[in-house]
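Dear colleague,

I am handing over the structure below, and I would be glad if you could look through it before reading my notes. What I found follows directly after it.

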Amino acid sequence: MRIAAEVDRELPGLETDARYREIEARMRRHAEAEAADFVARQAEAQQRAAQRAAARAEAEAQAAIERERAAVEAAVRQAVACEDCGRERSAGLCEACDHRRQTEALIGETGLLAATWSADPSDPIAVAVVAAEVRTAIEDAIAASWAQFQEITDPVALEAAGPEALEDAAAHNAFVVAESAVGEYRHEALVMLGRSTEAQAEARKAYTTELAKPWFQALPDSDDAQRAATEAAAKAQTRTAEHLLAVRLEQLHAQARPEPVRPAPWSQRLPELAARPLDGEALEVIA
Ligand SMILES: [Zn+2]
């Protein structure tokens, strides 16, 4: 036993009774110390558990506050009227106006797509004429599509849906028509730019280059050689058309949204005047 050995080592030569009493006393002290230690550790564990529970409760309360605030914010946002038409509870922009804006952007883009091949991109009037023609064509298509929609839809259902739903449907219809117009006009632009002198020249060059390759040189009229040359020519033509479209669109976009001209600082425009003190005479000169 560890305590008996300890007593024998520290207090050698004790009488048997005294030795037992000493051992008993030390065992009691040891047991008491262990019990106290156990109680302390338990109290510590309880305290830690209480702290964790408090932290959890705090986090839950915070999350609840956050959720409530987010719900209030969402409700406030949702309550904001449409900035375009004033429709209430539209989160700032109603579905119909959102579609109208997108339709407007698509019509603008379609006009530019048509102008890439049918107008001189550097002539703003010619570009504007093309854009106006495209707008009329798309608006006619939208009207026709809407008339068709109304024809095939049960008038009772239309009536029951209410004016807002009808407006949403019309705006959505316009958006769908404009979106498909962009695709069609883009395709047409690529076809027309493919017929440009640049694209034709690139195609001829690719055709000749292909036939000049060592493995075709001997038999330039063979089916293989002709097929490969025709393919190379078509690829070059498409590539050039795409390149022309990108370049011209960029040019047209830049013209449609001119960079705001910021006046140079006064000191740069008229350094000699800026150097003078601004007395009455100098102000007259500036005026
Ligand atoms: Zn609106």
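What percentage of the 287 residues of the protein chain count as buried? In this model, which is predicted rather than determined by experiment, the share of the chain that counts as buried is 24%. The accessible surface of the protein chain comes to about 20,000 Å², and 56% of that surface belongs to carbon and sulfur atoms. As for secondary structure, the chain has 12 helices and 0 strands, and among the contacts with a separation of 6 or more, 54% are made by residues 24 or more positions apart.

The zinc site comes next. The protein donors of the zinc ion are the SG atoms of Cys82, Cys85, Cys94 and Cys97, which lie 2.3 Å from the ion, and along the chain these donors follow the spacing C-x2-C-x8-C-x2-C. Cysteine 85, in the loop between helix H2 (16-79) and helix H3 (95-118), and cysteine 97, in helix H3, form a pair that links distant parts of the chain, the two being 12 residues apart. The site is tetrahedral, with angles of 104 to 116 degrees among the 4 donor atoms; for comparison, the ideal angle for four tetrahedral donors is 109.5 degrees. As to accessibility, cysteine 85 counts as partly exposed because its relative accessibility is 40%, whereas cysteine 97, at 4%, counts as buried.

Helix H3 also holds threonine 116, a residue that is buried, with a relative accessible area of 0%. If its neighbours within four places in sequence are left aside, threonine 116 is in contact with Ala189, Leu193, Leu245, Arg248, Leu249 and Leu252.

Finally, a search of the whole structure for aromatic pairs finds 2 of them. One of these is formed by tryptophan 146 and phenylalanine 149, which are stacked, with 4.8 Å from centre to centre and 15 degrees between the planes. Both residues lie in helix H4 (residues 124-152), where they are 3 residues apart, about one turn of the helix. Which of the two partners counts as buried, and which as partly exposed? Tryptophan 146 counts as buried, since its relative accessibility of 16% is under the 20% cut-off, while phenylalanine 149, at 29%, counts as partly exposed.

Definitions and conventions. Residues numbered from 1 in each chain as written. Predicted model: local features only at pLDDT ≥ 70, side-chain atom pairs only at ≥ 80, totals over all residues. Heavy atoms only, no water. Donors = N, O, S within 2.8 Å, 3.2 Å for Na, K, Ca; no water. Tetrahedral: all angles 85-135°; square planar, octahedral: opposite > 155°, others 65-115°. Helix = DSSP H or I, 4+ residues; strand = E, 2+ residues; numbered from the N terminus. Buried < 20%, exposed > 50% of the residue type's maximum accessible area, 1.4 Å probe, protein only. Phe/Tyr/Trp six-rings, centres within 6.5 Å; stacked < 30°, edge-to-face > 60°. Contact = heavy atoms within 4.5 Å. Areas by Shrake-Rupley, 256 points an atom, 1.4 Å probe, with all protein chains shown as cover.
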